[in-house]
Amino acid sequence: MIFEQEFAEKQRQVEDILRQYAPAPSGMQKTVTEAMNYSLMAGGKRLRPILIGECCRLFGGSYEDAAPFMAALEMIHTYSLVHDDLPAMDDDDTRRGRPTTHVVYGEAMGVLAGDGLLNYAYEVMAAAVSEAADGQTMARRAGAMAVLSRKAGVYGMVGGQTVDVESEGKPVSKDTLDFIYALKTGALIEGAMMAGAILAGASEEEVAAVEKIASGVGLAFQIQDDILDEVGDSKELGKPVGSDRKNEKTTYVTLYSVEEASRMVEELSNRSVELLHSVEEGHPGDGFLEALLLYLIHRKK
Ligand code: GRG
């Protein structure tokens, strides 16, 4: 099967998993669950859940083993997008090709839908831990939950977003930019790949190697995001382009150039694929994970 078909099939699997775990829009609080579903089911590439599933497969597990964590991570990622689009942050009107959640449901409901998604992610993961059939599965699930919590929190995505918000309108050094990117974008990608490996019972050394691969992929992914904001197609991206320039944001494109930034993406991606090959020596993959990492880095949307 060609990569695009396989990727589309895996995205469909994630959609099914999300439908299975998403909260039902009912009861007096229906508006918030509706807003949560509006953002969660709006499409999106589903990269992070697929990364969990694929890393789980790499070490001998399956999408079924990883399903609650795949759903939870997409909820965490979606909450971050909903909050990032709010007027207090980036004030964006379009996301995933649709009006943003706060544009449709109002600002207060945008805040609550994000809160709801974040909290629901933990409800789903905690249920998976407590429902584990045996001690080993419970320990692996608890380990995956611990990694995802840390990578989403103040030592991960929230920490990176904090420094990003504080840096607005100021000159930003390369070191600060790298800190922001490693935490704001890289941390969830690291968490995804590590959680998948942990769920399948990978060793500590293997999880550390996976974290290293993911950190390169995360940085390359964010630099590509900078490039797309400068030269991408807003229709294909499903969001406006040029917002970094409009907001006078420092990015790899402003510190370097589109050409130099593209070269860095290439170098990072080559290094990550080499590392993946060394991990795959003990666990031969079917090539999909490598193709996915390359797609993430060289994507046009
Ligand atoms: C509000 C705590 C908090 C964090 C916000 C996600 C985020 C942090 C900010 C969004 C802006 C941004 C450029 C983030 C970098 C990561 C990134 C490129 C997110 C978009 O992820 P995709 O491309 O989106 O995987 P889809 O819609 O495909 O899921």
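**Entry 1**

I looked up D91 and found it partly exposed, because its relative accessibility is 44%; the scale calls a residue buried under 20% relative accessible area, exposed over 50% and partly exposed in between, with a 1.4 Å probe and protein chains only. The model is predicted, so local features need pLDDT of at least 70 and side-chain atom pairs count only at pLDDT 80 or more, while totals for chains, interfaces and linings use all residues. Residues are numbered from 1 along each chain as its sequence is written, and side-chain values use heavy atoms, with hydrogens and water left out.

D91 is not a glycine, yet its phi is positive, about 55 degrees. I placed D91 in the loop between helix 4 (63–84) and strand 1 (94–95); helices (H or I, at least four residues) and strands (E, at least two) are DSSP runs, numbered from the N terminus.

I then turned to R46, a residue other than glycine with a positive phi near 65 degrees. R46 lies in the loop between helix 2 and helix 3 (47–58). R46 counts as buried, because its relative accessibility is 1%.

**Entry 2: the ligand**

I listed the residues around the ligand and found 20, the closest being K45, R48, H77, R96 and Q222; a residue is near a molecule if one of its heavy atoms lies within 4 Å of it. I next checked polar contacts, which are pairs of N or O atoms within 3.5 Å. R48 has a polar side-chain atom 2.8 Å from an oxygen atom of the ligand. For H77, I likewise noted a polar side-chain atom 2.8 Å from a ligand oxygen atom. In R96, an N or O atom of the side chain is 2.8 Å from an oxygen atom of the ligand.

**Entry 3: aromatic rings**

I counted 7 aromatic pairs; rings of Phe, Tyr and Trp (its six-membered ring) pair if their centres lie within 6.5 Å, and planes under 30 degrees apart count as stacked, over 60 as edge-to-face and the rest as tilted. F3 and F7 are stacked, because their ring centres are 5.5 Å apart and their planes stand at 20 degrees. Both residues belong to helix 1 (residues 3–21) and are 4 residues apart, so about one helical turn separates them. I found F3 buried, and F7 as well.

Y38 and Y105 form an edge-to-face pair, because their ring centres lie 5.6 Å apart with planes at 70 degrees. This pair links distant parts of the chain, 67 residues apart, with Y38 in helix 2 (residues 30–40) and Y105 in helix 5 (residues 101–105). Y38 is buried at 16% relative accessibility, whereas Y105 is partly exposed at 24%.

I also noted one aromatic cluster formed by F3, F7, F288 and Y295. The charged end of K10 sits over the ring of F288, 4.6 Å from its centre; the rule requires NZ of Lys or CZ of Arg within 6 Å of the ring centre and within 35 degrees of the ring normal. The charged end of R98 sits over the ring of Y38, also 4.6 Å from the ring centre.

**Entry 4: the nonpolar core**

I found 81 residues in the largest nonpolar core, and those with the most contacts inside it include I76 and F69; such a core is a set of buried Ala, Val, Leu, Ile, Met, Phe, Trp, Tyr and Cys residues joined through side-chain atoms within 4.5 Å. Helix 9 (residues 174–199) gives the most to this core, 12 residues.

Leaving out residues up to four places away in sequence, I76 touches L118, A121, Y122, M125, A152, M157 and L188, where contact means heavy atoms within 4.5 Å.

Notes
A polar contact is a pair of N or O atoms within 3.5 Å; within protein, one must be able to donate a hydrogen and the other to accept it, and residues adjacent in sequence count only if both atoms are side-chain atoms.
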